[in-house]
Amino acid sequence: MTKLSLHWEKLKNIMFDTLGHNPGQAVMVATALSMASSSVAQSIAIACNKKISDHQKKFLIPQELLDGIINVAASILIIGTMGKCATRLVETGKWSTDSIRALIAKLPKSVQVKMGDSGTNLADIFCDHAAPEVKKEFYTVYDNFKFGAQIIATTIGSVLALSVAAPFIRNYAAAEYQKAHLKKQQDNSQSVATVSATPIQKPNAANYHNYTMTAITNPTSSLKI
Amino acid sequence: MAFNVVDRIIRYIPAHNFSKDQERIIEWCGDHIRSPEQRLLLGATALVIQPAIDLNNKKVDEDTRKVSCARTAAKIIIGTITGFTVRDLCIKLVESKSKFGTEVNKAIDRFFTPSCVTKHTGAFRHYKNALGTLLGVAVMLITNFAIDAPVTQILTNYFNKKMNNKAKEASNDKT
């Protein structure tokens, strides 16, 4: 076996230990990465789209970049938290099933299980106290229930975070950016217009612009055209 | 720290005991909802909600609102199609190359199989799905630029044109 294939075998076993027992984390990281790369690609596409005006690009590009940032943050915060909540609810026994309760009844009477207590961990209790055949049956039922609860929680979390919360936040922030940018642009164009309207004055020289303007705006003055 | 926050949240969630039927539904979700299906669900809900949010964003002018709505709809449609397809194909690829024991015909068949795996377990199934998803993300780093972005641009322009034509027709009808 070559060195490279040995490393690959080691890597596969490490990945199996991490991904096999906690696939939710991998999916969350994957979602965040794909959102970030998609946002960059879409921003480049808007910048290159000749059919979208510059004025609209000033809203759409920040909207897209903010979309990426908010999506990544939402993936980690909301989806991650919801997944962990589901795990803890099952681990502590706050969310349980008839089958799990039936298996808890098979534990030795000396073992006290406080269902829903934050210090309770059903997996640890069964690992330490259950008979081998009960332990095996428990882990099959418990793992399937825990994983199902995690999947449902992360799916609802991703819909809430990415389809509802993220668009509101990014639209608000992108609109503020567009407003600020347009105001800055207006201020610049106003100052350019003022500069071009005022003729260059030589020191101590007669000002023809002021002379004509006074004649027009104040016809009663002694200055007549 | 993270668990403290989670423990505080779960304090407010009521305790519940699921019946046999409910347990079966939860287990079915765990077995059948993989990352491609999650992407499909996310895309479907996003397509219903997000363009409506963009179209009712009163903070920007009407033209920007329309372009933003057209772009969002186009991005969701293309993103969901490529996201689902790439993830699904990558998971299938990992599954086909994660064989062991008598299933192996060629050496490549066990390319993704960890040496510690000797039987089909839930953990092995989760590993194949998660590894396929990660591989899918790596592929999507390319397809985001090569497929998603250019096709979104074409579709945005198409939707935009349609919306403008409709608006013109409406104003002509009024006059």
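Me: Which residues does Ser96(A) touch, not counting residues up to four places away in sequence?
Reply: In this predicted model, Ser96(A) touches Arg101(A), Met115(A) and Phe145(A), along with His16(B), Asn17(B) and Phe18(B), where contact means heavy atoms within 4.5 Å. Residues are numbered from 1 along each chain as its sequence is written, and chains are lettered from A in the order in which they are written. Local features need pLDDT of at least 70, side-chain atom pairs count only at pLDDT 80 or more, and side-chain values use heavy atoms, with hydrogens and water left out.

Me: Is Ser96(A) buried or exposed?
Reply: Ser96(A) counts as buried because its relative accessibility is 0%; buried means under 20% relative accessible area, exposed over 50%, and partly exposed in between, using a 1.4 Å probe and protein chains only.

Me: OK, new topic: how many disulfides are there over all chains?
Reply: The count comes to 0, a disulfide being a pair of cysteine sulfur atoms within 2.5 Å.

Me: So where is the nearest cysteine sulfur to Cys85(A)?
Reply: The nearest one belongs to Cys29(B) and is 18 Å away, and Cys85(A), at 8% relative accessibility, counts as buried.
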